[in-house]
Amino acid sequence: MVAPRSGDARICYNPAVMKAVILAGGFGTRLRPLTLDTPKPIVPIFDRPFLYYQTDLLRQVPEIDEVILSLNYRPDHIEARVGTGTEAGVPVRYIVEPEPLGTGGAIKYASRGIDDTILVFNGDVLTTIDLQAVVRTHRERRARATIVLTPVENPSAYGLVETDEQGNVRRFLEKPSPDEITCDTINAGIYVLEPETFDRIPDDTHWSIERKYFPSLVERSETFVAYIDRGYWLDIGTPADYVRAHRDLMTQRCPLGPFAGERTATVHKAGPCDVAADAQFDGPCFLGAGSVVGPGARIGPETVLGPGCQVGAGAVVEHAILWRDTIVDAECVVRGAVLGARCRLAHHAEIGPGVILGSDSTIGAHSRVPGTR
Ligand code: GDD
Ligand code: MG
């Protein structure tokens, strides 16, 4: 039996300053081929890199004066897109690991020389969390670590977290097998951590925060606090969940982004578009700036045309996501697919549900890619 914890009186918080670390170094293998040239943190959601939805949240916390992106996979692509953080609205710094250090090793590596409280975000979670409330809880409880939990139907793909009635974490079990599932609360991939607890993480070693650091806090009876959030939460790390994120934003199940507060079935144009008078739209749909829709084309519902996409005469595009500058020629049919950037579908091609085309793919005229769903 672990003794109840009352907080650590030795912790002296500097309330003025916090750093945020976004873990953005994974390979994004489940999202291939989309992530072959576009690392997961910058895959577009509508026309914005995904991680901007996270920096939007981090800006809620006035004490955060810098966001550190912890990277190793294709850091140059991320840096080229995000720069110093002007568009993100917060100063961004890059820490590139010499090799993947795992989630724990990466946090330690990224926070070298930092004594202030650190807010960590997994780089693939879309959420409406109230971060200020999380930080408040961490401070009120004088916690060594605070973790956000979210309820899910099936915890097996996540870190299962058991708590007690006082809101302390009692057990952390990464990727539990079916017979190990004892509750529905999982690690949402958002933590507030005191860097002095990183003493147990070896330097420059592949080390998992989920499999080693969190269990060790429980074993040593340190003040490890759970913040349960019942708002919107999604890990966008699989194609189905990447598509779901768009659907949830367009239908406002997740009340963020360009559709927030709009009427249902909105056709959102992010900038000037060239749309034929008899093109038909079934909202909700998103049209990136500079998209072109030809005569008699039918777009939607739940469809995204990235900036500069072109849809030819009589083509049908529904429940589909097209990244920027993709061209769908006349009379094509695209249903339930994701097409990377600069793809080219020649006329009368048909793409079916569940298909994912990597960027720069070309499909010949009259070809059929039926899909699996
Ligand atoms: N810098 C760096 N280095 N980042 C990494 C590394 C690494 O070696 N390995 C993974 N990451 C980043 C990924 O880019 C991602 O943003 C985050 O760490 C989590 O990795 P995933 O590969 O997406 O893990 P997961 O989804 O299977 O599980 C994690 O997230 C779940 C919530 O979505 C765990 O934290 C689970 O406990 C949690 O429930
Ligand atoms: Mg993930």
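Asp124 and Asp235 are both buried, where buried stands for under 20% relative accessible area, exposed for over 50% and partly exposed for the range in between (1.4 Å probe, protein chains only). This is a predicted model, in which local features need pLDDT of at least 70 and side-chain atom pairs count only at pLDDT 80 or more, whereas totals for chains, interfaces and linings use all residues. Residues are numbered from 1 along each chain as its sequence is written, chains are lettered from A and ligands numbered from 1 in the order in which they are written, and side-chain values use heavy atoms, with hydrogens and water left out.

The magnesium ion (ligand 2) is coordinated by Asp124 (OD) and Asp235 (OD) at 2.2 to 2.3 Å; donors are N, O and S atoms within 2.8 Å of the metal (3.2 Å for Na, K and Ca), and since water is not among the atoms, sites may look incomplete. Asp124 belongs to the loop between β6 and β7 (125-127) and Asp235 to strand β13 (residues 233-235), so the pair ties together parts that are 111 residues apart in sequence. Helices (H or I, at least four residues) and strands (E, at least two) are DSSP runs, numbered from the N terminus.

Asp124 also meets the side chain of Lys40 in a salt bridge, that is, a side-chain nitrogen of Lys or Arg within 4 Å of a carboxyl oxygen of Asp or Glu. Lys40 lies in the loop between α1 (34-37) and β2 (44-45), so its pairing with Asp124 ties together parts that are 84 residues apart in sequence. The whole structure holds 23 salt bridges, including those tabulated here.

| Salt bridge | N to O distance |
|---|---|
| Lys40 and Asp124 | 2.8 Å |
| Glu66 and Arg93 | 2.9 Å |
| Glu174 and Lys175 | 2.6 Å |

Lys40 is buried, at 14% relative accessible area, and Glu66 is buried at 16%, whereas Arg93 is partly exposed at 32%. Glu174 is buried at 13%, while Lys175 is partly exposed at 41%. A network of salt bridges links Arg144, Glu196, Asp199, Arg200 and Glu222.

The largest nonpolar core has 37 residues; such a core is a set of buried Ala, Val, Leu, Ile, Met, Phe, Trp, Tyr and Cys residues joined through side-chain atoms within 4.5 Å. Among the elements that each supply at least two residues of this core are β4 (64-71), β6 (118-122) and α5 (131-140). Apart from this core lies another, of 30 residues, among them Ala106, Ile118, Tyr191 and Val218.
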